[in-house]
Structure formats: structure tokens, C-alpha cells
Amino acid sequence: MREEEFIVAKVYRGDFHGEPAVWLQAGAYEAAVVPQIGANLIAFRDTEKCYRFLREPEVEGMEAFRAAPAVYGIPVLFPPNRYEDGKFPWEGQVYTFPVNEPATGNHLHGFVHTIPWEVTQTGADETESWVVLELKVREGHSVHAYLPHDFTIRLRYTLSAWGLHQQVTVRNEGASRMPCLLAFHTTVNAPFAPGSSAEDCRFRLTAGERWELSERMLPTGRFQPLTPEEEAMQGEGVYPFFAPMDNHYTARPQNGRNRMELTDLRERVTLVYDVGAGYGQWMVWNNNATPGFFCPEPQVNLVNAPNVDLPADRIGLVSLAPGEMWEETARLYCKQA
């Protein structure tokens, strides 16, 4: 009999510290998503070992979470990261986004991680549980005012003995070509195990070259030399808080995989964040080298891509013709270190 046939899978509607949530359970794993706050996958846990892999708000921190959901769980960014002066040139037009990062004069992180999504399906069988959420943008929707296209973003989370699987699909349902620029601001606890410290943690990333960023945190189009610690990040692993990081890298898959791995040396356990090759860029942010959590962010596009004079394929400036779809998957799971 297969291993997964022994697990118990379940899905139910409940709450997360008072916020409506859909909970998934499968064996030792459980996860929760909050549809009203950007379809944020706010919790992914191993209940037997008391691991909490993602940064979760506590009860007293829910207002802070609602005010800044991008630094908890797995927020959806569309379009992700920064855009110079809030300007977004596209197909002969210029879209104007609010400048919401006064320090740089840029727009930051798009519009979909703070607004309600619709739960369109839930289910469970003998081996896994799942939830499907959708954001349908049409004329009159708050996002349509800035991105004037008809489209749907669909998220499916599936929990099983093999961990947490994520599938994201963007479908252009309008009459003109639309940009498909997306990332996940995945916020990982370091450490994720009770009794461990940040010093017990090492992480690896399939990063390639580091983009040079200006004082406004925008790419110059050039690359910077990697530090010895960044070279270790590509290989044997490095302490996640070795220096302040708000760094942008190309993705360079290794052994056919595009991934981040976070190892707890004390527990001898590795959290694997395996993402698809459709994510051609990585951002890494570690809250000014403050131990506790950091964000390895798989990203389709270069920061500020529509304003960068480089080939579209090189910088992930993806477009969808009417009726076209873009789709990618990712998985979070544990293995022995």
C-alpha cells in the first residue's frame, strides 16, 4: 500500500485569529489560507514536530498583518516589486500606479495581496485536501482602474504527505495583450523549529547573477560581483542574516530545479521551496539582517521590467494575448538534511 494511503486529509472553513480562513489538513501537515486578505497562505505547519515554516501573525498582531500583509505567509504580488515613478509603459500606453513607497518615489508590490479573493472550490479525498481561489478582474474592479484588462488569477493549494503544492494560472479574458508579471513574497521562518535559533539555519538558492540596483532600488541593467557569502548561498549554504539583503538575482536552476533550501542544522531537517523555471528571477529580503524570518521571492520579471531597455525574454517581460494563459507550480516540503 502506498505511503499516502495511510494519511487522513481534511478541508474545512474556520478562522485564523478571527479572520475567515480555509484550513487544509493531510497527515502531520496543516495549512490555512485567508481569502479576504489577498488569498494569503498564512500558515504551513508540521503539527507533529511543531514546525511553523511561514511567518504567521499572532492574535495581537492581526491588525499589523492586515495593514502590511506582504511580510507574512505567501502573499501574491501582481505586478511585483518596484516601478519607477509609478509609471508602467505598455503597448503604446502608460499606466499610472500610486507611488506608495515615498522613500524611493516608486510603486511597490501591486494591488492583489490586500484585497478579497473568491473561494471557488474546496475538497478532500483519501490522500490530499485542496482549495481553489480566484481573483476576477473586470471593468469596475479596483485593480482594473490601474491594469485595464479583463483577466482571472487562479490559485490552487493542495496539501498531502508530499507537502504543500501551489498552482497559479493567469488567463487573459480581454480583447488586448496584457502584462503577466507576478511573484510570491514568501516569508519563511528562520528558525522554523521550536528550540532552534537563527544561528542553526543555513540556506541555499539557485541564484545566478546579482542585478545592480540604484539608490531607488531599481535595476541599472548591469550586474554586480557576488560576495563570498553569496557564492556560498549558491553552493554549500549560508547564514540567512549574514548581511542586510534586499537583493535581486537571476535564477539559475541546478540539477534541473529552481529552488531555495533552508536547513536547520540542529534538527537536521531541510525545508525545500521548489519553484518552476517560469520564475526567472529571485528577490531575497531579510528585514535588514534581523534574525527571525526572510523572504526568498520567486519572481517572473525583473524589477521595473517595463521601464528597462533589455530584451523581454531576458527580463521576464511576459505578455498574454487574448485567451492565453500563463501557469506555474511550486512545492514546499521537508527532507532529512
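A residue counts as buried when its relative accessible area is under 20%, and by that criterion buried residues make up 55% of the 337 residues in this protein. The model is a predicted one, and its secondary structure comes to three helices and 27 strands. The radius of gyration is 19 Å, close to the 20 Å that the globule rule gives for 337 residues, so the protein is as compact as a globular protein of that length. Taken along the principal axes, the C-alpha atoms fill a box of roughly 55 × 45 × 40 Å.

- Five strands form an open sheet in the order S1-S2-S3-S4-S5, with antiparallel pairing; strand S1 (9-16) and strand S5 (51-52) are the edge strands, each of which pairs on one side only.
- Within this sheet, S3 and S4 run antiparallel and are joined by six bridges, and Ala32 stands opposite Ala43 in S4.
- A salt bridge also connects the side chains of Glu30 and Arg45, with an N to O distance of 2.8 Å; because Glu30 belongs to strand S3 (residues 29-34) and Arg45 to strand S4 (residues 40-46), this pair ties together parts that are 15 residues apart in sequence.
- Glu30 is buried, its relative accessible area being 12%, and Arg45 is likewise buried, with a relative accessible area of 12%.

**Other salt bridges**

- Side chains of opposite charge can pair when their charged atoms come close. In this model the count comes to 21 salt bridges.
- Asp246 and Arg82 form a salt bridge in which the closest N and O atoms are 3.7 Å apart; this pair links distant parts of the chain, since Asp246 lies in strand S21 (residues 246-251) and Arg82 in strand S7 (residues 82-84), 164 residues apart.
- Arg259 and Glu261 meet through their side chains in a salt bridge with an N to O distance of 3.0 Å, and both Arg259 and Glu261 are buried.
- Arg259 and Glu261 also take part in a network of salt bridges, in which they are linked with Arg204, Arg257, Asp274 and Lys335.

**Cavities**

- The structure holds two cavities of 30 Å³ or more, and about 50 Å³ of space lies in the largest cavity.
- The lining of the largest cavity consists of Ile74, Tyr157, Leu164, His165, Gln166, Tyr273, Ala330, Arg331 and Leu332, and the elements that give two or more residues to this lining are strand S14 (163-172) and strand S27 (325-336).
- By residue class, the lining of the largest cavity divides into six nonpolar, two polar and one charged.
- The second largest cavity, with a volume of about 40 Å³, is lined by Arg204, Leu205, Thr206, Met233, Gln234, Gln254, Arg259 and Glu261.
- Strand S18 (201-205), helix H2 (228-234) and strand S22 (258-264) are the elements that give two or more residues to the lining of the second largest cavity, whose residues divide into two nonpolar, three polar and three charged.
- Arg204, Arg259 and Glu261, which are among the residues that line the second largest cavity, are also among those linked in the salt-bridge network.

**The largest pocket**

- The largest pocket has a volume of about 340 Å³ and is lined by 19 residues, of which Ala70, Leu108, His109, His113 and His185 lie nearest its centre.
- Strand S10 (106-108) and strand S24 (281-285) are the elements that give two or more residues to the lining of the largest pocket.
- The residues of this pocket lining divide into nine nonpolar, seven polar and three charged.

Conventions:
Residues numbered from 1 in each chain as written. Predicted model: local features only at pLDDT ≥ 70, side-chain atom pairs only at ≥ 80, totals over all residues. Heavy atoms only, no water. Salt bridge = Lys/Arg side-chain N within 4 Å of Asp/Glu carboxyl O. Helix = DSSP H or I, 4+ residues; strand = E, 2+ residues; numbered from the N terminus. Buried < 20%, exposed > 50% of the residue type's maximum accessible area, 1.4 Å probe, protein only. Pairing = 2+ DSSP bridges. 1 Å grid on protein atoms, 1.4 Å probe; cavity = no way out; pocket = protein on both sides within 12 Å on 5 of 7 lines; lining within 4 Å. Points joined across faces, edges and corners; volume = space filled by probe spheres on them. Nonpolar A, V, L, I, M, F, W, Y, C, P; charged D, E, K, R; others polar. Rg over C-alpha atoms; globule rule 2.2 N^0.38 Å.
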